Amino acid sequence: MADQNESIPAQEQAAAQDPAAQKNAQLLALLHRLFGADAFNDVEEPYGLLTATTTRERIHDIIEGLQKDEELQLNFLTTMCGMHFPDRPGQELGMVYHLHSLTQNIRLRLKIFFPIADPVAPTLTDLYATANWMEREAFDFYGIIFPGHPNLMRILNVEDMDYHPMRKEYALEDGTREDKTDLFFGR
């Protein structure tokens, strides 16, 4: 037991010496100062990338504030995509936003979740021109609706599709195919 207690200060010291961890701690403190600590939950740092979850009611204001903040200058929306977790009741659908400050070299990942029965997320097309096609892709593949989007229509699939193929409610493969055997695919 004494060995575990002795390793905690060593872990804290190692974290204090890690520049990425320091930068993420400073960024999180700034996020809490700007938007309040209650605006974010499930904060983690996978692969050194600060990741936080917020609500769809707050996401637009938070991203707008981050974009306009003189200190952060998160002026580049690297990517935005939909996701589907059918085993999370009330949070089956979600969006992931990757923001990047080209001048400060700061990266941030934000997530929101919402029920599949209400697949609506705010549009970011008024903040980032690149959001246009990314939102169309999320609509096309996941059925997420973005009120206020200037041209919300399918981008990669045909217009007359009546489903959203990336949702996990659809099979990945056609089980009736006979030209694919497990022998060739290591299954």
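In the predicted model, residue I63 makes contacts that reach beyond its own stretch of sequence: once neighbours within four places are set aside, I63 is in contact with Y97, L99, L110, L124, L127 and Y128. I63 also belongs to the largest nonpolar core, which comprises 37 residues. Together with L66, M95, Y97 and L110, I63 is among the members that touch the most other residues of this core. Contributions of at least two residues each come from α2, α3 (56-68), β3 (76-84), β4 (93-101), β5 and α4 (131-142).

The chain as a whole contains 5 helices and 5 strands, arranged along the sequence in the pattern α-α-β-β-α-β-β-β-α-α. Of its 187 residues, 37% are buried. Among contacts with a separation of 6 or more, 51% link residues 24 or more positions apart. The accessible surface amounts to about 11,300 Å², and carbon and sulfur atoms account for 53% of this area.

The largest pocket has a volume of about 160 Å³. Its lining consists of A20, K23, N24, L27, G48, L49, N105, I106 and R107. At least two lining residues are supplied by each of α2 (19-35) and β5 (106-114), with α2 giving the most, namely 4 residues. Classified by residue type, the lining of this pocket comprises 4 nonpolar, 3 polar and 2 charged residues.

Conventions:
Residues numbered from 1 in each chain as written. Predicted model: local features only at pLDDT ≥ 70, side-chain atom pairs only at ≥ 80, totals over all residues. Heavy atoms only, no water. 1 Å grid on protein atoms, 1.4 Å probe; cavity = no way out; pocket = protein on both sides within 12 Å on 5 of 7 lines; lining within 4 Å. Points joined across faces, edges and corners; volume = space filled by probe spheres on them. Nonpolar A, V, L, I, M, F, W, Y, C, P; charged D, E, K, R; others polar. Core = buried A, V, L, I, M, F, W, Y, C linked by side-chain atoms within 4.5 Å. Buried < 20%, exposed > 50% of the residue type's maximum accessible area, 1.4 Å probe, protein only. Contact = heavy atoms within 4.5 Å. Areas by Shrake-Rupley, 256 points an atom, 1.4 Å probe, with all protein chains shown as cover.
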